[in-house]
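Thanks, everyone. I will keep this short and go through one structure, starting with a term and ending with a helix.

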Amino acid sequence: MNTPTRTAMALAVAMTLAACGDHDRDDSPAAVNQKPAYLGTVTSTTYDGTTDDLLTAGLGVTGLAAAATPAYNDPANPTARELRRNAIYANYRAVLDIAANSGYGTLYGPNVNAAGAPTNGTGMVAGTEYLAYADDGNGRQNVTLMVQVPASFDPANPCIVTGTSSGSRGIYGAIGSAGEWGLKNNCAVAYADKGSGTGLYTFDDDSVNGQNGVRATRTAAARNAQFAPELTDAQRTAFAQQYPGRVAFKHAHSQQNPEKDWGKVTLQAVEFAFYVLNERYGVQTGDGSARTVRLTPANTLTIASSISNGAGSALLAAEQDTRGLIDAVAATEPQIQPNKATGYTIRQGAVDVPAQGKALLDYSSYAALYQPCIAGSAGRCASLVQKGLLSGTDLVARQNNAKARLKAYGWTADAEPLQAAHALTNVLVAVTYVNAYGKFSVTDKVCGFNWGPTDATTGDPLAFTAAQKAASFATQNGIVGTPIYEDSVGGAKAYSLGVSPSTGINDQALDGFLCLRSLATGVDAVTGGALSGDLATQSARVRAGMAEVLATGNLRGKPAVIVSGRSDALIPVNHASRAYVGLNASVEGANSKLRYIEVTNANHFDSFANALPTLVVPLHIYLFRALDAVYANLKNSATALPPSQLVRTQTRGDASVAITVQNVPLISAAPGSNAITVSGTTVTVPE
């Protein structure tokens with residue numbers, strides 16, 4: 001880490017930990033510690049590691065795996081502590097497979113120590129948790145930042161790990177991934193919810209989530225609201241009357257395109273961590289009013305990490321880090337969008353891949369057309385044929401044609417068995433991100449869609465119960481409810497039962513998804529012709545938002561390890577990880593320290609390891625191995641990063657067989673024929 005060049009740079013800009021652009025302060029290493037200007041009130045809570053803790057909220061390894069969700073003392077009025085506990089319970093289980101035979105408790109989990117060995121302990125971690133909003137002063141951004149400092153943190157050997165949330169999750173979204181590794185390795189963990197977490201707004205009672213999850217009216221919460229739409233009371237009342245039970249949520253409806261700031265807020269989380277650590281460990285000034293800066297980027301190891309959207313945020317933060325805040329990156333299955341799809345080549349075996357480097361909304365809106373057909377929607381298949389977007393005379397032939405189209409669009413053959421299982425996910429992504437990129441108001445009803453709970457049988461819109469709203473901080477994953485197709489023939493229905501006006505059949509609201517596809521691409525999804533009128537205007541807004549989130553590929557020479565599953569059907573490796581490696585090669589060339597680990601039989605959702613044991617192994621363990629490798633390299637530069645490689649795993653015959661290290665072999669120091677090579681700007685991945 002502390003090469004002369006880096007140390008000189010870090011000292012030259014030492015501790016610019018106030019708001020970006022604040023150049024008037026004394027930034028010498030002995031400067032007075034100052035709270036960054038964008039931070040609001042900082043609250044802290046200390047956990048003893050016995051009755052409650054940082055990692056498991058007092059549940060321990062057994063409680064996190066328990067089938068029953070922890071109960072509230074009063075379900076109508078859960079306390080902030082109860083909401084935190086249940087949020088950790090839900091988020092941990094959402095990103096990890098907690099089945100014992102999938103490796104929980106033996107290969108990974110709170111009781112598995114930093115060396116990877118299972119113990120008889122509970123896995124609880126004592127320490128202090130700090131929370132604050134990052135905001136520009138108007139209360140509309142309110143990005144939640146959190147720093148967890150374990151009691152084992154050693155200021156003489158300091159380290160920080162980032163844990164930006166995955167998906168659209170709230171502040172505890174990375175607790176079981178980067179958070180767990182950091183706490184086990186005695187590091188402070190710097191979390192961010194990316195400005196997209198939770199933030200459920202309900203029109204009927206004008207209520208919001210506060211920072212700690214407790215519900216309040218928009219007026220009572222004021223600037224403590226995670227999210228409140230910019231609506232007058234008259235607009236709210238009119239919308240609630242016309243669309244009863246509908247909701248808004250932050251990622252889709254904040255009108256700020258939060259993704260454009262995911263790198264920035266990850267860096268702000270690191271700055272928050274330095275502020276907190278210096279408040280704890282800095283030397284008190286002579287008058288006792290403040291602390292001096294003791295821990296700086298020059299003497300502290302900082303690794304940007306996380307999974308999925310959080311992993312993409314880590315890469316973006318490293319790209320944007322001009323002040324030496326981040327030393328290295330370890331990221332799995334990153335949702336990262338290269339700023340170009342040309343200038344590099346991806347090969348699998350001896351064959352160039354059919355498509356590479358497409359944007360998230362491009363490929364997700366494409367998948368949202370075809371995956372429902374693969375999942376068994378005969379109506380969707382039939383309507384696609386009617387519109388000339390699919391071929392085949394029966395359901396099986398049509399499904400096979402849909403699979404072939406997705407493969408030609410860039411999905412790997414390995415992902416094909418999981419296409420059907422991802423139909424709902426890409427539907428949610430398509431509707432959410434069109435709204436987010438276009439910065440649309442919830443009242444715009446883009447492409448005929450609103451959001452809310454629906455009846456599981458009839459598809460009719462419902463309203464959240466009081467208890468559901470009260471628990472929303474803990475139960476919602478940041479994408480709230482179901483897309484409701486307001487334009488369905490006969491009245492509003494859940495998208496899955498939506499009847500398209502142009503076809504008159506239940507084709508899962510195909511007309512609405514063709515509209516979304518048109519907004520994403522800028523051309524009519526059926527004819528390929530130019531858009532006009534409102535559609536053209538809306539599309540321009542969406543595509544402008546898409547352009548705001550693109551990655552440059554320049555990691556500034558930082559050591560980095562990216563891990564992805566070859567079977568990923570949500571974030572296809574040809575469009576994300578592989579493409580990013582190619583982009584990085586075209587930008588950094590020989591200066592690059594990026595390594596790419598691709599894992600067979602691994603996909604975006606580890607929960608499939610238990611549900612589909614013959615197809616899937618957990619990817620999570622490889623995040624920890626990547627973090628171990630990066631950390632070892634930072635501690636001792638003589639410890640080389642592993643070469644880029646394909647790791648060949650072994651699936652199980654059924655879920656009754658326990659996964660062992662033979663199923664998920666180690667990353668090799670000498671991969672031989674399994675090496676992934678980068679020659680010039682050509683990335684070659686073994687078949």
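When I say that one residue touches another, I mean that they have heavy atoms within 4.5 Å. Keep in mind that this is a predicted model.

Take Ser564 as an example, which sits in strand 17, residues 560–565. Leaving aside residues up to four places away in sequence, Ser564 touches Glu333, Pro334, Val573, Ser577, Tyr596, Ile597, Glu598, Val599 and Leu619. Is Ser564 buried or exposed? Its relative accessibility is 2%, and the cut-off for buried is under 20%, so Ser564 counts as buried.

Next, confidence. The mean pLDDT of the protein is 94, with 96% of its residues at 70 or more. Residues 1–27 are another matter: the pLDDT there is below 50, although the stretch has 54 contacts in the model beyond near neighbours in sequence.

Last, helix 8 itself. It runs over residues 262–281, 20 residues in total, and spans 29 Å from first C-alpha to last, close to the expected 28 Å. Of those 20 residues, 17 are buried, so helix 8 is largely enclosed by the rest of the structure.

How values were computed
Residues numbered from 1 in each chain as written. Predicted model: local features only at pLDDT ≥ 70, side-chain atom pairs only at ≥ 80, totals over all residues. Heavy atoms only, no water. Helix = DSSP H or I, 4+ residues; strand = E, 2+ residues; numbered from the N terminus. Expected span 1.5 Å × (residues − 1). Buried < 20%, exposed > 50% of the residue type's maximum accessible area, 1.4 Å probe, protein only. pLDDT = per-residue confidence, 0-100.
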